Amino acid sequence: MGAGRVGTTLAAMLDDRGHSVALIDQNPDAFRRLPSSFSGRRVTGIGFDRDTLRQAGIEDAYAFAAVSNGDNSNIISARVVRETFGIERVVARIYDPTRAEAYERLGIPTVATVRRTTEAVLTWMMPPDVDTVWTHANGSVSIVKARPIKSWMSLDFPTVESLVGHRIVFVSRLGTVHVASASMVVQENDELYFAVEGSDPIPIREILTRDPAQEV
């Protein structure tokens, strides 16, 4: 919500990474900031209006970012999305640091424009996007980094490998890198490094952002 510089940049980044995106703004002219390649939806309306949110597809959304230039609009829309539609990954852009701290205590992550960037919004909206961190020169084998959603926590590595279809070669945990072993289980904020054939990370992302029960 919010088609200013941050909102349009964020929407374009997500669109480029293959995500389904809808952008909401009261002013239809604001969508002119979007690149011509943008394939997502442009929804004209108020960001905390329930009908507008439904038109944007909020009932099927994985995450929501309120990044307009108004603190009140951002926090109201963030609360409506979380409390009415049950979206867990919600982030709000808040200029006032005092208010930002209060909303953080309510469980709504906030981004102050003076200290974070669009990339920071992405880290709150979703697990860090799956990245191909190394590919062999002939393109046959790659190392793909990914962080599972919370429902994967406490699963042992052999189970994760079975569900994902790729071997975990090492894990980054609390700033330390460990060689993967069968005795390990997924902990919060783990970054898992998979060995894959080819270089396409999207299948791993699609699996690790769903509940593992769906993969059984």
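User: Across which strands does helix α6 (residues 157–164) lie?

Analyst: Helices (H or I, at least four residues) and strands (E, at least two) are DSSP runs, numbered from the N terminus. Here α6 lies across β8 and β10, and the helix runs at about 125° to β8; axes are lines fitted to C-alpha atoms, for helices over the stretch in contact (heavy atoms within 4.5 Å), and angles run from 0 to 180 degrees between N-to-C directions. This is a predicted model in which local features need pLDDT of at least 70 and side-chain atom pairs count only at pLDDT 80 or more, while totals for chains, interfaces and linings use all residues. Residues are numbered from 1 along each chain as its sequence is written, and side-chain values use heavy atoms, with hydrogens and water left out.

User: How should I read the sheet, and what is the order of its five strands?

Analyst: Strands of a sheet pair through backbone hydrogen bonds, in a parallel or an antiparallel way. In this structure the five strands form an open sheet with antiparallel pairing, in the order β6-β7-β10-β8-β9, where two strands pair if DSSP finds at least two bridges between them. Its edge strands, each pairing on one side only, are β6 (131–135) and β9 (176–179), and neighbouring strands are turned on average by 25° against each other, direction ignored. Within the sheet, β8 (residues 167–173) and β10 are joined in the antiparallel sense over five bridges.

User: Where is Y193 placed, and is the residue buried or exposed?

Analyst: Y193 belongs to strand β10 (residues 191–197), where this tyrosine is the bridge partner of F170. Y193 counts as buried because its relative accessibility is 13%, given that buried means under 20% relative accessible area, exposed over 50%, and partly exposed in between (1.4 Å probe, protein chains only). Across the whole chain of 216 residues, buried residues make up 45%.

User: Which loops hold S154 and N189, and what is phi for S154?

Analyst: S154 is found in the loop between β7 (141–146) and α6, and its phi is near 80°, a positive value in a residue other than glycine; S154 counts as exposed, because its relative accessibility is 58%. N189, in the loop between β9 and β10, also is not a glycine and has a positive phi of about 70°, but N189 counts as partly exposed at 47% relative accessibility.

User: What volume does the largest pocket have?

Analyst: Rolling a probe the size of a water molecule over the atoms shows where empty space is left. The largest pocket has a volume of about 790 Å³. Of the 30 residues that line this pocket, S20, V21, A61, Y62 and A63 are the closest to its centre. A pocket is an open set of points on a 1 Å grid over the protein atoms alone, where a 1.4 Å probe fits, with protein on both sides within 12 Å along at least five of seven lines, and lining residues have an atom within 4 Å of a point; grid points are joined across faces, edges and corners, and a volume is the space filled by probe spheres set on the points. The elements giving two or more residues to the lining are α1 (5–16), β1 (22–25), β3 (63–66) and α7 (202–208), with the largest share, four residues, coming from α1.
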